[in-house]
Amino acid sequence: MKKLGFGLMRLPQLDPNDNTAIDLETVKGMADRFMEAGFTYFDTAAPYHRGNSEIAFREAVAKRYPRDAYTITDKLTLFMIQRKEDFPAFFAAQLERLGVEYMDYYWLHALGESTYRQAEEWGAFDFLQQRKAEGKVKHIGFSFHDKAALLEEILTRHPEMEYVQLQLNYLDWEDATVESRKCYEAATRHGKPVIVMEPIKGGTLVNVPEEVKALFTDYAPERSIASWAIRFAASLPNVMMVLSGMSDEAQMADNIGYMKHLEPMKEEELAILEKARQIIQGKIAIPCTACRYCVDDCPRKIAIPDYFSIYNNLKQFGPKQGIVAYTYYGNLTQSHGKASECIKCGKCESHCPQHLSIRAYLETVAAELE
Ligand code: SF4
Ligand code: SF4
């Protein structure tokens, strides 16, 4: 299988302020380009576009292609489920939204310290195995956002898990919180192929500082900035698939261009990436990946990742970004709570796979932008 997966997490929208309003005609066109180029792997989950990502998959792929032409991955998202008795209904609703009789891959979603303990308590691993025994899913695994020591523990206790989906990119490779390298090595030791998520870290590795752009374009002017990040992940031998959350036709065309016949990274390119990593590391204020898991439960409807993105741009690009940042912030606060309106309930932090101190960061954002 070719190593590029279509992540259906950041699909094109008809209304930028409504992430349920997916531009289905554009998604159909993107899915067609993807399939024509020989790629088959699609990844979704119930929280993406509030369930509408799964429906978009049904309309763009399941209804328009034979079942053996594609592979689809979906996930059991514990933070959307109130009690273990609801697992069967949650799963059945996913099959219906996807428009399929079975899933190729089914993951426990975003395991970390607390979600893993809950998964054990609720028998979620058994639930996956039962669905596999019934033929309702072909393969099982989990996506993971925590330290390598916990990954070791899970893989040791659950050898029945066949795959691991990891946050892996050149910026997080040696990061003390994400531990991409250590997690990759743990999965490899246990003989589990890795599916990569966040290869461009929610866009951070596309919107890189000018010095980094110059490093890349001096070496290979024809290559996109994103290609450096995606090829880094795809060049690792135990990586089975790299998910790219493509949002428009141009990103799709770019990704297909270099992933159709993957050219593994050379040593000299890895040395350039190391220089790039050092520069970017020094400039990121808030390491948010814009996954948006935090937003739905916020009682004040605060646009957390959008505010963090505005703040990061301001810090990264300096005062020239100032007017743009204040304008964007002002517009967003017309329809969302301001950063200063956070009541510190902490609901958002319990969903954050990056373990960010969201409440503290919102105070910083408010001090800068209000
Ligand atoms: S802590 Fe603040 S931002 Fe987080 S969910 Fe509560 S009100 Fe929203
Ligand atoms: S703050 Fe955390 S949960 Fe929210 S979008 Fe950023 S990384 Fe995701």
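A residue is counted as near a molecule or strand if one of its heavy atoms lies within 4 Å of it. The structure described here is a predicted model, in which local features need pLDDT of at least 70 and side-chain atom pairs count only at pLDDT 80 or more, while totals for chains, interfaces and linings use all residues. Residues are numbered from 1 along each chain as its sequence is written, chains are lettered from A and ligands numbered from 1 in the order in which they are written, and side-chain values use heavy atoms, with hydrogens and water left out.

Around ligand 1 there are 13 residues, of which Cys 298, Cys 342, Cys 345, Gly 346 and Cys 348 come nearest. Helix H14 (347-351) and helix H15 (358-369) are the elements that give two or more residues to this shell; helices (H or I, at least four residues) and strands (E, at least two) are DSSP runs, numbered from the N terminus. The shell of ligand 1 consists of 9 nonpolar, 1 polar and 3 charged residues. In this classification Ala, Val, Leu, Ile, Met, Phe, Trp, Tyr, Cys and Pro are nonpolar, Asp, Glu, Lys and Arg are charged, and the others, Gly among them, are polar.

Ligand 2 is likewise surrounded by 13 residues, the closest being Cys 288, Cys 291, Arg 292, Cys 294 and Cys 352. Its shell has 10 nonpolar, 2 polar and 1 charged residues.

An automatic or database domain assignment divides the chain into domain 1 (4-281) and domain 2 (304-369). The C-alpha centres of these domains lie 25 Å apart. Contact (heavy atoms within 4.5 Å) joins 9 residues of domain 1 to 6 residues of domain 2.

Between domain 1 and domain 2 there are 0 salt bridges, a salt bridge being a side-chain nitrogen of Lys or Arg within 4 Å of a carboxyl oxygen of Asp or Glu. The count by this rule comes to 31 salt bridges. One of them pairs Arg 50 with Asp 296, with the closest N and O atoms 3.2 Å apart. This pair links distant parts of the chain, 246 residues apart.
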